[in-house]
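This report describes selected features of one protein model. Please consult the sequence and the structure shown below alongside the text.

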Amino acid sequence: MKITPLFALVFLVACRSDGPERSAEDPHAAAQRIHASAPVFDGHNDLPGEIRGKGFDAYDISQRLDHGHTDIPRLRAGGVGAQFWSAYVPAAEMRTRTAARYAREQIELIRAMCARYPADFELALTVADVERIRAAGRIAGLIGIEGGHAIESSLDILREFHGRGARYMTLTHNDTTDWADAATDEPQHGGLTSFGEDVVREMNRLGMLIDVSHVSADTMRDVLRVSRAPVIASHSSAFALAPHPRNVPDDVLREIARNGGLVMVNFAPAFLDPEAARIAVAWYPAMRAIEAGTSDEKERAERFDAWRKSNPLPAVPYSRVVDHIEHIAEVAGVDHVGLGSDFDGIPSTPVGLEDVSRYPAVTEELLRRGWSEADVRKVLGGNALRVLRECERAAGP
Ligand SMILES: [Zn+2]
């Protein structure tokens, strides 16, 4: 096309449609302003796993801690308004048939955590709860079960967990279960078994989000075929940018868009950077060898820490999180991307995104790259709220 001077002028004016006022605002100031009115709704935080075994008195999150990624002062500084707290159940509990008990303990721990800090936290069971709690200036806490082995292959236990307040469940953790293949284990079923499909249908009926973080790509595809409600990946990044099996491949991103679902970007360097992903794939066999060697949780953690120190990951800048957000927005659309930090569940963080106080850095980077405020708000929490609402509406009798 030949570009005439008149066309060029019209084009330039059109490009400035956001207005000089907005583009003149410093991205740092804009990020602070946006966070004040658009609180973050993060998909996955493992603080409850940190508190387990230590107790609330020893792990007092009302104070700014000099360890860990999460406490109330830092949640406030980061503009967090709603958080899915992870009721994480180690895969080893599957082999000792203690997974359901472990999940119950973690669900009750999250409920107790919300009750213990009533000025800052309140448990949310519905979208209406989230909106009411945020309007009151508190942080809405939701419960997400991490590891479908928690239900011990029983729909009755699934219903019990929903009754106790769980609003999502990852169908697996690191290990393949009797009914679903995991991303980081040998596939046994080619995705979901027919019982696995029943689990998906029952979660739809209950109004519980199906979480495909940790499952294999074939399990993701099966879930997207069966589910009649939007599906989430509460803490996964884009496979195209970091080829780790925990990440979501592009064909699944397109299916997530069709399904109305959401991929919430994980901040773990292992899932953000291709070189880190290559090293981190070896974690899983190492972890299983350690698990086989001792049943003591503390000893397992110490041995795994030592193993990781001898296999270090490269430093990854926080801008890599924004690369993943942009990739998912390009492939699936801006309505299908969110944040699922995995803080307190990841052994290291990107540089510049060290804890929950640092979310505004992501906002600032999106603004610097020319994102509109409306789209930034979707990523921070608007999309998560919409998906939760649609899941509630899809619930049946
Ligand atoms: Zn996880």
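## Conventions

Helices (H or I, at least four residues) and strands (E, at least two) are DSSP runs, numbered from the N terminus. The model is predicted, with local features requiring pLDDT of at least 70 and side-chain atom pairs counted only at pLDDT 80 or more, while totals for chains, interfaces and linings use all residues. Residues are numbered from 1 along each chain as its sequence is written, and side-chain values use heavy atoms, with hydrogens and water left out.

## Zinc site

The zinc ion has three protein donors, namely Glu146 (OE), His214 (NE2) and His235 (NE2), at 1.9 to 2.2 Å. Donors are N, O and S atoms within 2.8 Å of the metal (3.2 Å for Na, K and Ca); water is not among the atoms, so sites may look incomplete. The spacing of the donor residues in sequence is E-x67-H-x20-H. Because Glu146 belongs to strand S4 (residues 139-146) and His214 to the loop between strand S6 (209-211) and helix H11 (217-226), the pair ties together parts 68 residues apart in sequence.

Glu146 is buried (under 20% relative accessible area; exposed is over 50%, partly exposed in between; 1.4 Å probe, protein chains only), with a value of 2%. His214 is also buried, at 5%.

## Positive phi angles

Most residues other than glycine have a negative phi.

## Helix H18

Helix H18 (residues 359-368) is largely enclosed by the rest of the structure, because 9 of its 10 residues are buried. Among them are Tyr359, Glu364, Glu365 and Leu367. Just after H18, Gly370 adopts a positive phi of about 95°.
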